[in-house]
Amino acid sequence: GRGPGSFTGLRTACAVAQGLALGAGVPVLPVDTLATLAEEARFAWLKMHPQTALPQQLSAMLDARMNEIYVQHFHLNGTAYQPLAPCTLVPPQGLAEAWLSDPSRLLTGNVFEVYADRLPALPAGSTVLPALPTAAAMLRLAPALMAAGAARPPEQALPLYVRDKVAQTTDERAQVQR
């Protein structure tokens with residue numbers, strides 16, 4: 001899992017992956033966190049709605065801490081969700097109502113409880129599927145990523161950082177609490 005995610009967690013994951021891959025003499029396979037979340041939501045949808053087609057659009061959202069959300073939009077391509085654009089970082093109240101208001105879009109992630117009081121109102125009929133990225137979802141993505149040539153030499157197991165600032169100052173934390 002290359003990210004986005006917690007600064008320390010990403011660095012640890014990449015270091016472990018590098019060490020194992022160097023020791024085994026194999027390449028690494030970087031897997032994006034929000035692509036993993038989209039896959040977990042796809043898998044959960046199919047288990048819950050086996051007779052219903054997957055939604056064509058999906059928005060994956062994870063709590064990025066510091067009052068921000070990682071967001072990435074996906075489109076169904078065959079049986080897999082493909083990213084439409086890179087991951088972005090937005091405040092909860094900054095989520096675009098244009099795509100939140102599309103009831104045919106599947107919304108997934110962990111932000112619906114965390115930021116419930118600050119998210120724009122969802123229209124009736126919106127489909128929210130609370131989910132988190134899992135190792136099983138990464139493993140389901142791996143064959144297609146390998147076939148697409150995404151494997152890299154171990155020294156290229158690098159974190160995906162979306163935010164440069166990884167912590168708030170004491171003054172910033174106090175201001176948030178006020």
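Q: Where is the place of Pro4, and what is the omega of the peptide bond from Gly3 to Pro4?
A: In this predicted model, Pro4 sits in the segment before helix 1 (7-24). Most peptide bonds are trans. The bond from Gly3 to Pro4, by contrast, is cis, and its omega is near 5°.

Q: Which elements give two or more residues to the largest nonpolar core, and which gives the largest share?
A: This core has 18 residues, and Leu34, Leu58, Phe74 and Tyr81 are the members that touch the most others. Two or more residues come from each of helix 2 (33-48), strand 1 (57-63) and strand 2 (69-77). The largest share, 5 residues, is given by helix 2.

Q: Which residues is Leu58 in contact with, leaving aside its neighbours within four places in sequence?
A: Leu58 is one of the residues that touch the most other members of the largest nonpolar core. With those sequence neighbours left aside, its contacts are Ala38, Ala41, Gln72, His73, Phe74, Tyr81, Arg105, Leu106 and Thr108.

Q: Is Arg42 buried or exposed, and which residues does Arg42 touch beyond four places in sequence?
A: Arg42 belongs to helix 2, whose buried residues pack against strand 1, strand 2, strand 3, strand 5 (106-109), strand 6 (127-130) and helix 5 (135-147). Because its relative accessibility is 14% and the cut-off for buried is under 20%, Arg42 counts as buried. Not counting residues up to four places away in sequence, Arg42 touches Leu54, Thr79, Ala80, Tyr81 and Arg140.

Q: How many bridges join strand 2 to strand 3, and which residue in strand 3 is the bridge partner of Asn77?
A: Strand 2 and strand 3 (residues 80-83) run antiparallel and are joined by 4 bridges. They form a hairpin with 2 residues between them, and Gly78 in the turn has a positive phi of about 75°. Within this pairing, the partner of Asn77 is Ala80.

Q: Why does Met66 count as partly exposed, and what is its phi?
A: Met66 lies in the loop between strand 1 and strand 2. Its relative accessibility is 21%, so Met66 falls between the 20% and 50% cut-offs and counts as partly exposed. Most residues other than glycine have a negative phi. Met66, although not a glycine, has a positive phi of about 50°.

Q: What is the relative accessible area of Asn67, and what is the phi of Asn67?
A: Asn67 is also placed in the loop between strand 1 and strand 2. With a relative accessible area of 26%, Asn67 is partly exposed. Asn67 is a residue other than glycine with a positive phi, near 60°.

Conventions:
Residues are numbered from 1 along each chain as its sequence is written. This is a predicted model: local features need pLDDT of at least 70, side-chain atom pairs count only at pLDDT 80 or more; totals for chains, interfaces and linings use all residues. Side-chain values use heavy atoms; hydrogens and water are left out. A nonpolar core is a set of buried Ala, Val, Leu, Ile, Met, Phe, Trp, Tyr and Cys residues joined through side-chain atoms within 4.5 Å. Buried means under 20% relative accessible area, exposed over 50%, partly exposed in between (1.4 Å probe, protein chains only). Contact means heavy atoms within 4.5 Å. Two strands pair if DSSP finds at least two bridges between them.
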